[in-house]
Each structure stands twice: as structure tokens, then as C-alpha cells.
Amino acid sequence: MTDEKRSSTTQLLDAPSDPQPTVAVVGSGPSGCYVATFLAKKWPQAEITVFESMPTPYGLVRYGIAADHQGTKNVTRQFDRLFTRDGVRFAGNVCVGTDIAFAELAPCFDIVVLATGLPQDRSLGIPQQAGTRVIGARTLLGALNGHPVQVFPRNPDGRYTALGQQLAVVGMGNVAIDVVRLMSKDPHELDGSDIDDELFEQLRPSRPSSIDVISRSGLSLAKFDLAMLRELLSLPNVDVAASGLTDDDNGPAAELLRPRISTVNDSFTPEGTRTQVRLHFQVTPESITCSGGRTLLRASTHHGPNGGTEIVVDSVITAIGFTQGAPEDRSCPTVEWSGDNVYRVGWLSRGPQGAIPENRKDARRVVDTITDDVESGRLKIGRAGFTAVESSLRNVVTFADWQRIEAFEQREAPPGRCRRKITDRKHMLSIASSAPDSADALRTAQSAGHTRAQQQPHRESDQ
């Protein structure tokens, strides 16, 4: 062997191998999964654990994206591939902050990425009389997506109280349009979705006669995507009118809405025909009170002769963004959830701005920062990772366990639906822990239990 070849071989043997850090990602929504994906590509030998408080992965995709937007939800297919890679682990049914303290978790991993999102609907911040029916859009969309936790009032017979025939939606972003679209669709128009049909029928037994959508800003600052507006305008049983547009409003959205300008706020068509959707721009909510057993929304306007308006509805749905969870929710990161090896990503980091593509870009930025910190030596690696916390955890749901849950939901899908989501956490865990050869027997037993549950009235203890 020549001296040149010996030198080359020696250099290869002496070259450092790829870093093998241990990584904890807290939250399995899009931001968390993208971070895990980029890190796994950067460091194939890394050990990456994605912790999720629910037994099911994918967070916002499963419970936040509207049930009739399955094309967007299909991003989970690439995340499925993530969890089949060597070195990547899904640890579901583990709530950091409750099942394991953050202060116990963080020192065990070289890198900790917080991707928990913003779980709570932002408050309107205006006077609101007790007894008014005000519901957050995240709460509503989560329920229609089969989220196990429901907070809606019930009738004496145990059924959920219907939202009513006249609704108001405060907000003019994509989430607000999601609410309007779902409330305006007939069940057959939801073919291919994974909506919770039982809950949908109870909350919205028939299409509402009217939906007033209220935006503080003018059209030029409205946050909805043009595609969302076009989809709403294309619904066959909906008439859309708009007020508050100005001569300065221009562009594709203005071109779509200008022919629909209306100054009449309380013209209704007979119940059971078409839903009247009225988009109000430059209207600022000021108070919500009760009036004759109904909900009265008072607002100021920047147009019109009186400078104010009153909208009487059955329910108000707020869609003005999201915020950190309640102080007593120990699963929500606080300022104490920090350290030299701790990073934040997604909405938790930058606020409720942007959809999945923006979260992907943000995840890439955070991963670039992490890799720079490791490669520069600022961040040392060598901590034990999952093995250091495994003995502290109970009833961990693996990715294989989740696949049993998913297969069950898909098998149980009624006609016209892609799945029937399990809405009871104990039910999920029983399926997750079932042996593969007992799946058919378990499915039969659980199906029978579901049928019996449908035949009996719901009780508060069922929540």
C-alpha cells in the first residue's frame, strides 16, 4: 500500500462519526413531526422520542383541521413513514407535566424540543353576561373531529344542546370559514370525511337559517385564504352577502364579494331552505348579553348611519386565534420549561400564525439552530435518553399500538366516512393494548358496547 493510500485510510478511520444525540420532542402535531423528520435525516443514528399526551398522534391534524378537509389531513402519511424509521419512537399517552415532570425529562435528553402548540381558544376580551352561549371554534372543531373531551351543555335527556338556527361567528380567518362551511353542509356533503356524526347531528340537527360572520378589520386585512372563500361561495345551499366593503377594497376577494354587497342585516329565508351567510367587515364586538333566552351581540361599526349594530342569535362561536392553556393545566409549557438544551417550535414559539407549510419552515429553522449548536460544540451530547425515563412511565402507546387503533377506526367507518373515530380514551387504550390475534373478538365486543351506548342517554359521568 502506498504512503498516500495509508494516509487516506488513516484519515477515514480518524474521522468523527455522525453525532448520535438523544432527542425528546414534546408534541406530535405537524411542527413536532417535522422537527423529528429533519433531525432523523440530519443524524440517522440519533435516538428520537416523540411524546404525545393523547394515545393518538398528529395533534392538530387529527383534531384541528376541519373533518371535511381530508386532503390536508393526508400529511400524516409522510409522518407515518417517520415512525417506521430505526431510532424514532412514538410515546403516546404520556403527558409531560403530569405523567412525568418536565424537570425530570429535560436532563435525560441531549435535546428537548417543545412543540405543544396553543391549545386554548383566545377570549374575545369583552363583557359577557353569564348564561350566554359562547363557544370557541377550536372546541367546536375538535369535538366534530372526535376529540375525547367534550364541554358542551346537555339537555335533560342527556343529548347535547343544539347550537340553534341563528349563529354568529366572530373572526374572519380560515378557522372561521371552516366553522361556517361545516355548519352549512348537509350530511351527504361530508362524504369522505371523518366527522363525528352523532355529535354533529345533536349540535346541528339541521342547517342554520343564518350565520353572521364578524370581522373587526376590513376585507384587505381578513385572514382567510382565497381558496377557502371560493369553497364557501360554491356551497349549493348557501347564499352569501357582504357588508362593510369600501371603494378601496380590491383584488380577487373583493371581486368575488362586491356583487354580494348588502346593507340589510336581518332578512331571513324560511327555515329549512337556504342558509344566509352574511360577512360583516369593520364591525367590532363590544358586549354579549342575554335577551329573551337568546344571545345578543352588540357591536360598533365603521360604516352605516348609526355606528352600531345588534345581532340576536342562538350561539356565538369565537374564531379569533389561540393562546396558551389555563394556568392550572400542567401540560402547558411555562417559562420554567427552559434550558440550554430546550427549543420551542411552531405556534408555541411564534404565536398562532400560519398553517402546515409555515410550521414546516419553522421546524427547518429550529433544526438548523440545533445542528449548529451541536456542531459548534455549544451543546454537548451523551445523555441516556428514553431509557432514563422509561421506568417512570405507565401505559405508553407505541406506534404499533396506534396502528391498531387506526385500523379499528377504519373498519368501523360508516358509509360515506373514512373512519369512525374512537371518542373514549379508555376504549382507545383497550384496543391499543389488545393482542393482534384478538383484534376481531375485541372489535365485536367494542362494537356491541358502542351500540348499547347509542341506545342509552348520555350522562355527565360519560364525559
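Predicted model: local features only at pLDDT ≥ 70, side-chain atom pairs only at ≥ 80, totals over all residues.
**Exercise 1. Describe the chain as a whole: how many helices and strands does it have, and what share of its residues is buried?**

Solution. Begin with the secondary structure, which comes to 16 helices and 16 strands. Next take burial, where buried residues make up 49% of the 463 residues in the chain. Finally, turn to the contacts between residues at least 6 apart in sequence, of which 76% join residues at least 24 apart.

**Exercise 2. Determine how helix 7 and helix 8 are oriented to each other, and which residues make the contact.**

Solution. Locate the two elements, helix 7 at residues 137–144 and helix 8 at residues 174–184, whose axes come within 10 Å and cross at roughly 50 degrees. Because of that angle, helix 7 is classed as oblique to helix 8, and the crossing of the two is left-handed. Helix 7 brings Ala137, Leu140, Leu141 and Leu144 to the contact, while helix 8 brings Val175, Asp178, Val179, Leu182 and Met183. Sorted by class, the residues of this contact are 8 nonpolar, no polar and 1 charged. The spacing along a helix can be read with a general rule: an α-helix has 3.6 residues a turn, so residues three or four places apart point the same way.

**Exercise 3. Is helix 8 mostly covered or mostly uncovered, and which of its residues are buried?**

Solution. Count first: 9 of the 11 residues of helix 8 are buried, so by the cut-off of under 20% relative accessible area this helix is mostly covered. Then name them: Ala176, Ile177, Asp178, Val179, Val180, Arg181, Leu182, Met183 and Ser184.

**Exercise 4. Characterise helix 14, and then work out how it packs with helix 15.**

Solution. Start with the span, since helix 14 (residues 399–411) has 13 residues and reaches 18 Å from its first C-alpha to its last, close to the 18 Å expected at 1.5 Å a residue. Its buried residues are Phe399, Asp401, Trp402, Ile405, Glu406, Phe408 and Glu409. Now bring in helix 15 (residues 425–432), which packs with helix 14 at an angle of about 115 degrees, with the axes 8 Å apart. Because of that angle, helix 14 counts as roughly perpendicular to helix 15, and their crossing is right-handed. The contact is formed by Asp401, Arg404, Ile405 and Phe408 of helix 14 together with His427, Met428, Ile431 and Ala432 of helix 15. By class, this contact has 5 nonpolar, 1 polar and 2 charged residues.

Key. Residues numbered from 1 in each chain as written. Heavy atoms only, no water. Helix = DSSP H or I, 4+ residues; strand = E, 2+ residues; numbered from the N terminus. Buried < 20%, exposed > 50% of the residue type's maximum accessible area, 1.4 Å probe, protein only. Axes fitted to C-alpha atoms, helices over the stretch in contact; angles between N-to-C directions. Parallel < 35°, antiparallel > 145°, perpendicular 65-115°, else oblique. Left-handed = near helix turned anticlockwise from the far one by under 90°. Contact = heavy atoms within 4.5 Å. Nonpolar A, V, L, I, M, F, W, Y, C, P; charged D, E, K, R; others polar.
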